[in-house]
Amino acid sequence: RCGFGSRRTSALGSAGQRRAAPPPHERPPAAGAFARRVRGAPARVHACAVRCGAGGAKMTVGQEIRGSAARALRWLACGAACAVAFDIEAHDAIGQTAASAMDQEAIRQTKRLLGGQDVSDVAGWGHQVDDTFPGMARMHFQVHDDSSGQPHCGPEAHLIAKCEDSICLLTAIKHFYGKILKDEGRPIDFPTMDYNKAQEGIKFSDADAVKMLINLLGDLHQPMHVGYASDDNGHAVKVKFRGKEMSLYDFWDKGIGETIRTEQSGFWYGGWTHVRAISSEHQADKDFWKKEGSFKSFDKWMDETVKFACEKVYVHPTTGKKLAGPGAELGQVVEIDEGAYQAWNQMWLRQILMAGQRTAIVLNDILDASGAKKLDNKAKVKTKADEEKDKEYKTLEEERKKNPRFTAGGGSRLSPAHVNLPVLLTNFGIACVTVPLFMVVVNYGLNPQVWYTTVLALLETDKGGGGDGAPNGAAGRNVKRTE
């Protein structure tokens, strides 16, 4: 539904205490990205799991442990099923990229505000909010009006955004950024927003505002989130890719990402989500932010995405034909061939990286400041996914208390020690072989010539005499003494 996929979607930020790190552009690509994403998957795809029935069963601690393999398969199956509606991985990749460019203080403050989570863990949280409070979905789009005399993909100066009640993407980004700075003690003029006009009774804490800002910055780089009203942000444009028909919006929101993850899983879970891949663009954006400030940067990023949508997305990359607006063949299903897919593939990946590095710029500005310690880390917005997760934690805690292996205080108690004699003897036998071999290798190394010389020396010693040190080999011989 919304934003480079609608939910979920990790990063240097997942570590705890850290030593001083080199500058972001000198850091190596994030190793173990696959492990971090798999480790964080249950929290980030929780809502999907609940819908698929993977999260509701109550079980004892023993069943919890024994069923882990089967449950892991359910998680994977559930995630695959939910990916049809929610491409959660793209936001995760944005979070990975952001974390690779964040300063250490910003990472520490992120973990404090987000309860130990990092940027990628919450990168899709804003769409969980939409699932729970549908009226908030307007924040994720900047729909440009081309129905009242303004041309489709016309000059930037003539762009008119439909922003009813001042609730739309760019305004929301500026609002949450300004709100956070105000709470840090750095007052700034920023757009006000009456949340009640979108959803009655909803309120955002500082931690909630940070999570929303992370999500919205990702959406700012999804070109179909800043599209035009006449084609319903790409929903009215139909394309066909490998026999499957979908809207242009869906192809950019999830179609490209799903194809990459299916066909290039090794690449996707590798270290590509690193700011080093776009270091020159990152430096240019930092310089512009420092010179012109935050709001002009947000405006610039919006203009760039609109231009990208008009020049690259609303135009077929191999035929050059327009897909929407004046000159487009209305009502036609546009074929996306392999050449077009490969061209858009590279553009899509670059948008992910750009969204991540710019998210890092914003978070470094917010969370490096001394006032960041004033920000409240208590969440006010509770999504359905948050509530379901809390229920599961509560259920697990109750099971722990009922299980005799756990103390009244909730801590685990180890079972009494016992000796398994067969295992002990087996290990002893292995040690009798491996330890002497190890000592031989330590003393003589692995050079074959050394071993050959050593064996020859032992054989010569054996031929030359026994072991009591008698000269000329007298020891060991049966020599009859004569007078």
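**Notebook: helices, a kink and a nonpolar patch**

I began with the fold: the protein chain has 18 helices and five strands, taken as DSSP runs (helices H or I, at least four residues; strands E, at least two) and numbered from the N terminus. The model is predicted, so I kept in mind that local features need pLDDT of at least 70, that side-chain atom pairs count only at pLDDT 80 or more, and that totals for chains, interfaces and linings use all residues. Residues are numbered from 1 along each chain as its sequence is written, and side-chain values use heavy atoms, with hydrogens and water left out.

Next I looked up the surface. The protein chain exposes about 24,800 Å², with 56% supplied by carbon and sulfur atoms (Shrake-Rupley, 1.4 Å probe; for residues, only the protein chains shown count as cover). Of the 483 residues, 45% are buried (under 20% relative accessible area; exposed is over 50%, partly exposed in between).

Then I turned to helix 11, residues 248-263, and found a kink of about 40° centred on Lys254 (the angle between axes fitted to the seven residues ending there and the seven starting there). Helix 11 is largely enclosed by the rest of the structure, because 12 of its 16 residues are buried. Lys254 is one of these buried residues, and Trp252 and Arg261 are also among them.

Last, I checked a nonpolar surface patch of about 460 Å², made by Val441, Tyr444, Leu446, Val450 and Trp451. Helix 17 (421-444) and helix 18 (448-464) each give two or more residues to this patch. Val450 sits in helix 18 and counts as partly exposed because its relative accessibility is 32%.

Technical notes: Patch = residues over 30% accessible without salt bridge, like charges linked within 9 Å, V, L, I, M, F, W, Y side chains within 5 Å. Salt bridge = Lys/Arg side-chain N within 4 Å of Asp/Glu carboxyl O. Buried < 20%, exposed > 50% of the residue type's maximum accessible area, 1.4 Å probe, protein only.
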